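Hi,

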Amino acid sequence: MLTKVITYLNRRGDLVWELVLEHLWLVIVSISIAVVISVILGVFISYYSGPAAIVLTICQVLMTIPSMAMLAFMVPFFGIGFTTGVMALILYSLLPIVRNTYTGIKEISPAIVESAVGMGMTEWHVLTKIKIPLARPVIMAGIRTATVMIVGIGAIAAYVGAGGLGELIFQGISRSNEPMIIVGALGVSIIALAFDFILSWGERRLMAASKTGEATK
Amino acid sequence: MIKLEAVTKIFPGSKIPAVKDLSLEVKEGDICVLVGPSGCGKTTTMKMINRIHEPTSGSIFINGEDALKMNPIKLRLDIGYVIQEIGLFPHQTIEANVATVPNEKKWPKAKTKQKVDEMLTLVGLDPKVYSKRYPSALSGGQRQRVGVARAMVSDPPIMLMDEPFGAVDPITRARLQNEFLRIQERISKTIVFVTHDIDEAIKMGDTIAVMREGELVQHATPNDLLSTPADEFVANLVGRNRSIKRLHLIRIREILKEVDRAKPAVMDMPIKDIEKRIDESDIRSVIIVDRDNKLKGVIGINDLKRKAGEVAADYMQSLDQSVTSDATLNDALSVMLECGEGFVAVVNEDDQYQGTITLGDLLNVVKEEG
C-alpha cells in the first residue's frame, strides 16, 4: 500500500501540490474574513448583554448543522464553486472566535477597565489599548480552534467544487482508488497539524510578549 | 474646590438610594476622608465626582464649574484616580502604565518620559530599575506606589483615592501612608479619600466625612470627631478608646523636641563611658551611631554582662526597627509592641539618628490630651 501511495505521489505530485495550495488558500481566505467578522461581532456583544445570548446561540446552532447539509443548502444561493466553500467555512468558524472574543473581554478584571475609564481614556482607547490586547491570547486560541476545524471541513467543500484536497478523496472514492484517498486524507491531516503547530507557537509568543501572567490583585 | 450639593444616586433596579441628599464641601489642598461601613455609599459618592456614576439628582461643582455639564473625558483627565485593586494594566510596562494620562493628553514623548521618571522617583521606585518591568513582577506595596504615581503624573489638582493602601500588610501600609502624607505636604492636592478604616481616616484626613446608609452623618476635623461625635453611631465608629486614637493624630517630630534624652554614643567610645551613660539613661540603654550620625545599634544594660570588650562596638546589638520622625505616635507604638521594647529610635529619611521615644512619652501624651 505504501509503495502504491509513493508511486501515486511520484506520478501525480504536481496535481497534489496544486490541491494542497488550493486547500490552503481556501482555509486562509475563509479564516481571514471570519476573524474580521467574528472579532467585530464579539466586541459588539461584549457591550450589549441582550444580543450576546442571541448571537452566541445562533453561532452554536450554525455549528451543529452537518457540513454536507450546510454546503447543499448554500448552492442555490451562491452556485457551485469557491465562494460557496468560503461561505460555509466562514459560518463554521464564527462560533469559536466570537465566543472567545466575548469571553476574553468579559474576563478582564473590572478594576482594570474601571481605572482606564476613570483616568479619562476614551472608549475607543479602552477597547484598542486595554481590552483587545488583554483578550488577545483567548481570541488567538479561538482562531486556532476555528482554523484547525475548517481545514477538515474544507475537504468536504470539494463536494460543491471549492477545490482542495477533498477532490482527491471524493475522486478516490468514486474510482475506488485507495492511494488517492490516502494521499488526500493525509494531506488534510498534515495541514491541520501544521496550522495547529504554527498558531499555538504564535500564541505562546504573544503570551510571552504581553506577560499576561497574573492580573493585578 | 469640590462641592457636592444635595446629591442623590439611585441605581437602576434599586428602590433605596445608594447616596441620599448628600452635601459636602472639600477645601483646596485638603484631604477629605469618606469613612463608614461597607455599603454606606462612600465609594459611590467618590465615583460621582469623576462621573463613573452619574448622580440621579443634585449637582457637583469643581472650582465653581458644574462637573455634570463638562465633557466626562476632559473632566477625568484632570482628576487623579486610584482604586482599591489599583487596576494596573498587566500587559504594559510600569513606564507605560504611568504614562497613561500623558499619552491620552498627547504630551510630547520627551516630556512624558521625564515626568514618568520624576513620579517613579517621588514614590520611591528607581526608574532605572522599574520602568521596563511588568506589574506582575512587583510586590503589592510597589504596585500601590505605581498606582499613586500613575494618578499624579499629569499633576491633576484633584485626586480620588479609593482605599489605595488597602491590599498590603499593616507595616507597609503605615509606610505608604507616611510617604504619601510627606508628598502631599509638597504638592497640596485636593483629595477625596475613601476608607472603611477609621484609624486610617484619622491619620490621613484634614476632615472626615462619616457616612451611614447613603447619608452624611458628620463632617468634621479628626480632632472634633474624636472629642464631639455627632451621635452614637459616630461614637461607636471612632471607638471607646478615643484617647488612644489621638496617637494617630500626632507625629513623632511634634513631641521629639520635648523629650530630652541622653545623647547617642559613637562606636569607639570606651566601655567605661558607656556604662556611665546607661546608668544615667531612663531607658537603661544607649543608642550607638557612626561618625555620620547614622543609626548603628543599641547597648542595653544586659549586654554589658553578656559580652566582653573595650569599646562600644564590641557590645552593640543591632536594632531591627526604627521609625521616621514623620510617622505617627501610633506607628511608634506598633513598633514597640512588635519588638517587645519600651522605646524606639527615631531616624530621618537618611537613617540618621534623631532621638528616642519611649512608652512613657506616649502615655504622657494620652494623659495630657485626654
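Let me start with a helix pair in chain A: α3(A) and α4(A) cross in a right-handed way. One thing to keep in mind throughout is that this is a predicted model. Helix α3(A) covers residues 67-78 and α4(A) covers residues 82-106; their axes come within 9 Å, with a crossing angle of roughly 130 degrees. The two helices are therefore oblique to each other. If you want to click on the residues involved, α3(A) brings M70(A), L71(A), M74(A), V75(A) and F78(A), and these meet T83(A), T84(A), M87(A), A88(A) and L91(A) from α4(A). Sorted by class, that contact has eight nonpolar and two polar residues, and no charged ones.

Helix α4(A) has another partner to look at, α2(A), which is residues 49-64. Here the axes come within 8 Å and cross at roughly 145 degrees. Which hand does the crossing of α2(A) and α4(A) have? It is left-handed, whereas the crossing of α3(A) and α4(A) is right-handed. On the α2(A) side the contact is made by A52(A), V55(A), L56(A), C59(A), Q60(A), L62(A) and M63(A). Facing them from α4(A) are L91(A), Y92(A), L94(A), L95(A), V98(A), R99(A) and Y102(A). By class, this contact divides into 12 nonpolar residues, one polar and one charged.

Zooming out on chain A, it has eight helices and zero strands. Its C-alpha atoms fill a box of roughly 65 × 40 × 20 Å along the principal axes. Of its 217 residues, 40% are buried. Taking contacts between residues at least 6 apart in sequence, 77% join residues at least 24 apart.

Now for where the two chains meet. The contact takes 22 residues from chain A and 21 from chain B. On the chain A side, the elements giving two or more residues are α5 and α6. Which of the elements gives the most to that side? That would be α5(A), with six residues. By class, the chain A side has nine nonpolar, 10 polar and three charged residues.

On to chain B, which has 18 helices and 16 strands. Its C-alpha trace spans about 75 × 55 × 30 Å along the principal axes. Buried residues account for 42% of its 370 residues. For contacts between residues at least 6 apart in sequence, the share joining residues at least 24 apart is 62%.

The domain assignment for chain B gives domain 1 (2-250) and domain 2 (253-369). Their centres, taken over C-alpha atoms, are 36 Å apart. The contact takes 11 residues from domain 1 of chain B and 14 from domain 2 of chain B. On the domain 1 side, α8 (170-187) and α12 (242-245) of chain B each supply at least two residues. The one that gives the most is α8(B), with four residues. The residues of that side of domain 1 divide into five nonpolar, three polar and three charged.

A last stop in chain B is helix α17(B), residues 329-339. The buried residues there are L329(B), N330(B), D331(B), A332(B) and V335(B).

Cheers

Notes: Residues numbered from 1 in each chain as written. Chains lettered and ligands numbered in written order. Predicted model: local features only at pLDDT ≥ 70, side-chain atom pairs only at ≥ 80, totals over all residues. Domains from an automatic or database assignment. Contact = placed C-beta atoms within 7 Å. Nonpolar A, V, L, I, M, F, W, Y, C, P; charged D, E, K, R; others polar. Axes fitted to C-alpha atoms, helices over the stretch in contact; angles between N-to-C directions. Parallel < 35°, antiparallel > 145°, perpendicular 65-115°, else oblique. Left-handed = near helix turned anticlockwise from the far one by under 90°. Buried ≥ 20, exposed ≤ 12 C-beta atoms within 10 Å, placed from the backbone.
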